[in-house]
Amino acid sequence: MNRSQEEFAKAQRIFPGGVNSPVRAFKAVGGTPLFIDCAKGAYLYDVDQHKYIDYVLSWGPMILGHAHDEVVSSVQKAITRGTSYGAPSVSETMLGALLQERVPYLEKLRMVNSGTEATMSAIRVARGYTKRDKIVKFIGCYHGHSDSFLVQAGSGIATLSLPNSPGVPESVVQNTVTLPYNDTQALTTYFEEHGEHIAAVIVEAVAGNMGLVKGDVEFIQAIRCLTKESGALMIVDDVMAGFRASYTGSMGVYEIEPDLICLGKVVGGGFPVAVFGGKAEYMDCVAPLGSVYQAGTLSGNPVAMTAGYETLIRLTPQVFTTIEQQVETLCNGLKTLAKKYAVPMQVVSVGTMFGFFFSPKPVRNFEDSTQADHELFAKVHQLLLERGVYVAPSQYEANFMSSAHTSTDIQQTLNAFEEVFAII
Ligand SMILES: Cc1ncc(COP(=O)(O)O)c(C=O)c1O
């Protein structure tokens, strides 16, 4: 037994499944999850002293790599000034103003502690503002684990084959309508019949929870038009794609202005921070200005605000482009290898995110994603781990690049893939 196996055995006596978030348990790929000792730059080090090139990056946040020296130094200084005040601080305004500057339609925003809180609060605002109940979401999009969204969500739920979760009352999800992703016709038909009851459509415009799947331009534009026409709000869930799909997030890809947007992951630089915000007209419904209630003891935490601010000011357009180029090099290399070894693989990238499916045809929605070869993925995942490459432990997850990844890391990754493709 190695140390990770020993620690996993201990953890299973403490946490359900040995983990504090399901996908960490490696259920989709088998084997024991690695217990991480520390992380620096592009690398993870496990408790057995193995080093891995990390493309999970804590599921997206670590865009400058792990433990960036300057970010760490600022966070250390912030900690000595007190770790939580429960009262307003300048650190919140600084990060908030920076977000407003980067994301033009964030006229007003609120800081929360997780993506789950952000999406849950955004739909509350939409329902409060429109005085309607129905929310439309798309199959395979994940918007966190609040009750209303646990219907045909992707990612961890897909990995564990839980289409819905016990414990979610039917009455709660009665007002959640699920439609197929990238299906403009289904959406249009639904709006024709029920448009006046819909409070909001929530979408991962660049979806990362059924693997990486980009929304078609026509589909995303249709969401914008149909919501506008019917008086519903368009909520873009950019918890994952924010500051990753493009410099400003997914809306930079489509050049569309949503009504509300949810951010997370990168905004906190590895600390628990998320955001919901958008047009002032909607956000002014939130308490104490309006009557839509939302609150949080640790929201706007000064240490977390510092980590987010210090991360985002270092993510310049130039840094972003460099990371994007590394993604391109890696993905081009993967496509070449897939061809050379006749592996039926789809390689997808958007900005600083990438993913791959073992599928002979492009993946456009959740159904396509489930049809990909998940057994082959599990095998490849294990063989890559043995070669020091850590990719997301499920084909339903996206992968990420950071500014700390070097050309040597990319080449080593491609060498590992080549060795694996030669033996599968
Ligand atoms: C698109 C999207 N929305 C919401 C969430 C939920 O965020 P959190 O895990 O911080 O609650 C996630 C998490 O991965 C996500 O990818």
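Select W59 first: this residue is buried, with a relative accessible area of 18% (buried means under 20% relative accessible area, exposed over 50% and partly exposed in between, with a 1.4 Å probe and protein chains only). W59 sits in the loop between β3 (51-54) and α2 (helices are DSSP runs of H or I with at least four residues, strands are runs of E with at least two, and both are numbered from the N terminus). Its phi is positive, about 70°, although W59 is not a glycine.

Before moving on, note that this is a predicted model, in which local features need pLDDT of at least 70 and side-chain atom pairs count only at pLDDT 80 or more, while totals for chains, interfaces and linings use all residues. Residues are numbered from 1 along each chain as its sequence is written, and side-chain values use heavy atoms, with hydrogens and water left out.

A67 has a positive phi of about 50° and is not a glycine. With a relative accessible area of 28%, A67 is partly exposed.

**Helices α2 and α11**

Now select helix α2 (residues 69-79) together with helix α11 (residues 302-314): they pack at an angle of about 155°, with their axes 9 Å apart. Axes here are lines fitted to C-alpha atoms, for helices over the stretch in contact, and angles run from 0 to 180 degrees between N-to-C directions. The angle makes α2 roughly antiparallel to α11 (under 35 degrees counts as roughly parallel, over 145 as roughly antiparallel, 65 to 115 as roughly perpendicular and the rest as oblique). The crossing of α2 and α11 is right-handed, a term used if the near helix is turned clockwise from the far one by less than a right angle; anticlockwise gives left-handed.

To display the contact (heavy atoms within 4.5 Å), show E70, V71, S74, V75, A78 and I79 in α2 with V303, T306, A307, E310, T311 and R314 in α11. These residues of the contact of α2 with α11 comprise six nonpolar, three polar and three charged. In this classification Ala, Val, Leu, Ile, Met, Phe, Trp, Tyr, Cys and Pro are nonpolar, Asp, Glu, Lys and Arg are charged, and the others, Gly among them, are polar.

A cis peptide bond joins A287 to P288, with omega about 10°.

**Helices α7 and α8**

Select α7 (residues 184-194) and α8 (residues 217-230), whose axes come within 10 Å and cross at roughly 5°. That makes α7 roughly parallel to α8. From α7, T184, L187, T188 and F191 meet E218, F219, A222, I223, L226, T227 and S230 of α8. Six nonpolar, four polar and one charged residue make up the contact of α7 with α8.

**The nonpolar cores**

Leaving aside neighbours within four places in sequence, I220 is in contact with V203, A205, G215, M234, M251, Y254 and I256. The largest nonpolar core has 112 residues, of which L99, F138 and I220 touch the most other members. A nonpolar core is a set of buried Ala, Val, Leu, Ile, Met, Phe, Trp, Tyr and Cys residues joined through side-chain atoms within 4.5 Å. Colour helix α12 (residues 317-340) as well: its eight residues are the largest share of this core. A second, separate core has 23 residues, including I235, L260, C262 and F276.

**Helices α14 and α15**

Move to α14 (residues 374-386) and α15 (residues 407-423), with axes that come within 9 Å and cross at roughly 130°. That makes α14 oblique to α15. α14 passes α15 in a right-handed crossing. V380, L383 and L384 in α14 meet A416, F417, V420 and I423 in α15. By class, this contact of α14 with α15 has seven nonpolar, no polar and no charged residues.

Stay on α14 and select H381. H381 counts as buried, at 2% relative accessibility. Beyond four places in sequence, H381 is in contact with F26, V29, V391, A392 and P393.

**Two last selections**

A404 lies in the loop between β16 (399-400) and α15, and at 22% relative accessibility A404 counts as partly exposed. A404 and I63 are 341 residues apart in sequence but 8.2 Å apart in space, C-alpha to C-alpha.

Finish at S4 in helix α1 (residues 3-12). S4 is buried, with a relative accessible area of 3%. Not counting residues up to four places away in sequence, S4 touches T32, P33, L34, F35, D46, V47 and D48.
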